[in-house]
Amino acid sequence: MIYVYARMEINPGCMDKMKALLARTVPKVLAEDGCVQYIPCVDCDEPEKYITFVEAWENREKHKAHLAAPHMAFFREAAKPLRRPSTVHVITPAELS
């Protein structure tokens, strides 16, 4: 299992357009093979400024396939004028002894 936290800063006045784009994209992502969780979240303190994706995938290969999916290419292109670059962290549970 891997987890992904991807945070994007939304351009001023563009949050509603981003949410509309996400409303079309999220169901497609949730239907992808290997997707366990895909939740776009708004920032509690600045809800019009940031969206953070909280994701869980069966493995790294399924996540890479997600990134290559046609609907994600469409999303990235459509989102360009709505946001600034994202920060993405891919993590996995630590093995504790």
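**Aromatic pairing and fold**

Analyst: In this predicted model, the structure contains 1 aromatic pair.

User: Which residues form the aromatic pair, and is its geometry stacked, edge-to-face or tilted?

Analyst: The ring centres of Y38 and F53 lie 5.4 Å apart, with 40 degrees between the planes. Planes under 30 degrees apart would count as stacked and those over 60 as edge-to-face. The pair of Y38 and F53 is therefore classed as tilted.

User: Which strands does the pair link?

Analyst: Y38 and F53 are 15 residues apart, and the pair joins distant parts of the chain. Y38 belongs to residues 35–42 and F53 to residues 50–57, which are strands β2 and β3.

User: Is Y38 buried or exposed, and what is F53?

Analyst: A residue counts as buried under 20% relative accessible area. Y38 has 6% relative accessibility, and F53 has 4%. Both Y38 and F53 are therefore buried.

User: In what order do the elements of the chain run?

Analyst: The chain has 3 helices and 4 strands. From the N terminus on, their order is β-α-β-β-α-α-β.

User: How does the radius of gyration of the chain relate to the globule rule?

Analyst: For 97 residues the globule rule gives 13 Å. The chain comes close to this value, so it is as compact as a globular protein of that length; its radius of gyration is 14 Å.

User: What share of contacts between residues at least 6 apart in sequence joins residues at least 24 apart?

Analyst: A contact requires heavy atoms within 4.5 Å. Among contacts between residues at least 6 apart in sequence, the share joining residues at least 24 apart is 71%.

How values were computed. Residues are numbered from 1 along each chain as its sequence is written. This is a predicted model: local features need pLDDT of at least 70, side-chain atom pairs count only at pLDDT 80 or more; totals for chains, interfaces and linings use all residues. Side-chain values use heavy atoms; hydrogens and water are left out. Helices (H or I, at least four residues) and strands (E, at least two) are DSSP runs, numbered from the N terminus. The radius of gyration is taken over C-alpha atoms; the globule rule is 2.2 Å times the number of residues to the power 0.38. Rings of Phe, Tyr and Trp (its six-membered ring) pair if their centres lie within 6.5 Å; planes under 30 degrees apart count as stacked, over 60 as edge-to-face and the rest as tilted. Buried means under 20% relative accessible area, exposed over 50%, partly exposed in between (1.4 Å probe, protein chains only).
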